[in-house]
Each structure stands twice: as structure tokens, then as C-alpha cells.
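Here's a quick briefing to get you started. Have a look at the model first, then read on.

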Amino acid sequence: MLTHIHKVNDKFKIERTIYKQHIDYGTFDTKEEALAKKELLIKYNWIKNKSTGYKPEEHFKRYCIEENEQEEYIVKNRKDGKTYGAYKSRKYATIVKKIITFYEKEIKIEEIEKEAIKEFYKHISYNDLNGRYCVKYNRTTYITTTDIIEALTERDLIIKFEGNEDLMSEYSTAIYEYTREELPPFPPKYKNIIFEEKSKNKYKLRKQIRNRRIIIGNYPTYELAVLVKKYLIKNNWNKEAIKHIQRITQDIHERDKNIQLYGEKYYIRHKNYKKIIYYGKYDNIDKARYIKKRLSLNNWNKEMTEFFEYEYDKKDNINIYYYDKTDIFAKT
């Protein structure tokens with residue numbers, strides 16, 4: 001799979017966005033070199049260090065966790081001694097430490113702490129209508145409860161055993177002992193976002209404007225719906241911003257239409273007069289999506305396929321809207 005690997009001027013570049021930080025992992029002469037480097041990075045959690053083959057000046061900063069006199073936890077830069085915190089929860093401090101590692105330039109600690117809160121409560125949502133927390137993992141709801149400690153404890157077991165209830169029932173101790181005093185604040189609930197259990201994209205963003213209710217779009221994660229809402233608020237919910245988001249959302253929902261995975265190749269296919277026509281096969285899903293989009297805008301003219309392939313390989317600033325991350329507006 002060539003996820004996170006892009007062909008640029010006959011070379012292969014590895015780049016990835018982690019915790020909203022765009023990271024360039026280098027450019028390689030061959031696909032095999034890039035794939036080998038990617039496997040090494042996966043092994044070491046995408047950290048640039050000696051083990052992943054980077055020069056000392058390229059290494060990510062190293063952090064540790066220390067306990068202060070007030071029995072709270074601080075995150076400390078091993079080199080310059082700068083500290084962040086303190087935090088009542090060691091687990092929360094550990095998440096902050098993990099996230100801050102990817103901030104190569106400016107340390108935006110408030111942004112990092114918000115990301116850490118989302119990760120701390122991952123797979124847990126709150127329904128303010130019935131006052132219950134819901135633990136959902138891999139599209140399955142495992143528990144609803146009014147007790148956040150119970151929700152966190154159950155969530156940890158679900159992740160550890162990947163939702164296997166037989167294994168979970170045999171495990172009698174908690175993965176982590178939570179106390180209410182140490183918990184960071186639960187992520188705030190946003191208005192205009194509706195949860196729909198039966199929908200594939202469960203989080204619907206809508207807005208009442210005068211006497212009319214407008215559906216902006218449906219999104220797979222709560223975080224993505226919040227990000228879109230913040231963008232619209234920043235633009236005062238103006239008509240052009242709403243249309244722009246609705247158009248992007250529609251494009252994303254249809255981005256894999258006419259693309260099918262066989263083995264490790266992505267095939268573009270289109271049914272024309274009851275006949276299925278194949279247009280090409282690609283290693284890179286982003287390339288397949290780009291060419292499919294250009295073909296659909298040009299009446300599925302097969303003769304233009306090679307031109308669109310050339311266009312993708314030579315163009316540096318192709319807009320790619322992501323769906324599985326929260327950077328829906330990112331451009332690469």
C-alpha cells in the first residue's frame with residue numbers, strides 16, 4: 001500500500017499529517033526504498049530518530065514525565081528542561097507527551113492539550129438529553145452509562161481485547177485505575193450537530209437560518225463535524241462558505257465511486273450503456289481518485305486517461321480532500 005507515499009517528479013516522497021502537524025519524512029529514488037522507510041517508521045511510531053535512520057539534527061525532541069511535589073505530572077523536554085503542565089492524571093500527561101513529540105517547530109500547548117483530551121476520551125460520547133455516556137468501538141455500541149469512570153474502564157478493556165467480549169469477561173482487573181479528581185474536562189458538546197445511529201456518516205451538521213433549516217453535510221466523526229462548524233462560524237455562516245462546504249462534502253462522499261480495489265491495485269470503472277468500461281489501474285488511491293474525478297468531468301472520455309495520468313504526475317498542488325482525518329480543508 002502506498003498510503004502516505006506520493007510520486008513527485010519521478011521520486012517517492014513520504015509525508016503525513018499527525019495531530020494536525022504536516023511532517024515530511026523525506027524523498028526516495030525508488031518505491032522500494034520509500035516502502036522500506038515507511039515500514040521502519042511504522043515500527044517506531046513515526047518518530048524521527050536514530051532507529052529510523054535520521055541525522056541527529058532531524059531527530060524529534062525527546063520528552064519525559066516527572067512528578068512534582070504536589071503529586072502532579074509534568075512533561076519535560078529532556079534537552080532544554082522546559083516543562084508543560086502540571087496534570088493530575090499520569091495517563092493524560094502521557095498522551096500530552098506523545099502528541100508534543102510531533103510538534104517540530106512551535107509548541108502550541110493549548111492545542112496539544114485539546115488533542116490529548118480528545119484522545120483521553122476516545123470512543124466515548126455524551127448524550128446531554130439522557131445524561132449518559134456511550135462507548136462505541138468499530139461501529140458497535142458496547143455500553144451506555146451515567147458514570148464516566150465506568151465508561152473509561154470499559155473503553156480500555158474494549159480496546160485491549162478489540163471488542164472480544166469473552167476475553168473481556170475473563171479479565172477481572174482494570175487496565176488503568178481512574179479517579180474523578182484526575183480527569184481532564186470532557187470535550188464540550190456543540191450545537192447544530194446531530195447524531196444519527198443508522199447513518200453511515202453519523203454526525204449531521206445543520207443550521208437554522210431565519211425560517212429555514214439547512215443541512216450542511218454528514219460526517220463520520222464528531223471531530224470532523226466540529227471542525228467544519230468552526231470554519232463556518234469563522235465565515236459567519238455566509239452563503240458562499242456553506243455552498244463551498246456542501247460541495248466538498250458531496251465530493252468526499254462520492255470520491256470512491258467508480259473505484260474498486262482488486263489485490264493491491266485501484267481500478268477505475270464506469271458503466272456506460274450497460275457495459276462496464278475499465279480506464280486504468282493504480283497503486284495510489286489519491287491518483288485513482290484524481291483521474292476518476294477528471295474523467296467524470298469530461299464525459300468519461302477514455303482517450304483522455306493518459307493525459308490525466310500525466311497531469312497528476314507533473315502537478316505539484318493537486319487538491320486532495322481527506323475523509324478519515326480532521327483536515328478536510330488540507331491541500332497537498
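Tyr222, Leu224, Ala225, Val226, Val228, Lys229 and Leu232 are the buried residues of helix H6, where buried means under 20% relative accessible area with a 1.4 Å probe, protein chains only. This is a predicted model, so local features need pLDDT of at least 70 and side-chain atom pairs pLDDT 80 or more, while totals for chains, interfaces and linings use all residues. Residues are numbered from 1 along each chain as its sequence is written, and side-chain values use heavy atoms, with hydrogens and water left out.

**Helix H6**
- H6 covers residues 222-234; helices are DSSP runs (H or I, at least four residues) and strands are too (E, at least two), numbered from the N terminus.
- The buried residues of H6 pack against strands E10 (193-195), E11 (203-209) and E12 (212-219), plus helix H7 (239-253), with contact meaning heavy atoms within 4.5 Å.
- After H6 comes asparagine 236, with a positive phi near 60 degrees.

**Helix H3**
- Residues 109-120 make up H3, and Ile112, Glu115, Ala116, Ile117 and Phe120 are buried there.
- Those buried residues pack against helix H2 (90-100) and helix H4 (148-160).

**Rings and charges**
- Tyr87, Tyr92, Phe120, Tyr121, Tyr126, Tyr133, Tyr176, Tyr178 and Phe186 gather in one aromatic cluster; rings of Phe, Tyr and Trp (its six-membered ring) pair if their centres lie within 6.5 Å.
- Lysine 91 has its charged end over the ring of tyrosine 176, 5.5 Å from the centre; "over" means NZ of Lys or CZ of Arg within 6 Å of the ring centre and within 35 degrees of the ring normal.
- Lysine 207 has its charged end over the ring of tryptophan 237, 4.9 Å from the centre.

How values were computed. Rings of Phe, Tyr and Trp (its six-membered ring) pair if their centres lie within 6.5 Å; planes under 30 degrees apart count as stacked, over 60 as edge-to-face and the rest as tilted. The expected span of a helix is 1.5 Å times one less than its number of residues. Buried means under 20% relative accessible area, exposed over 50%, partly exposed in between (1.4 Å probe, protein chains only).
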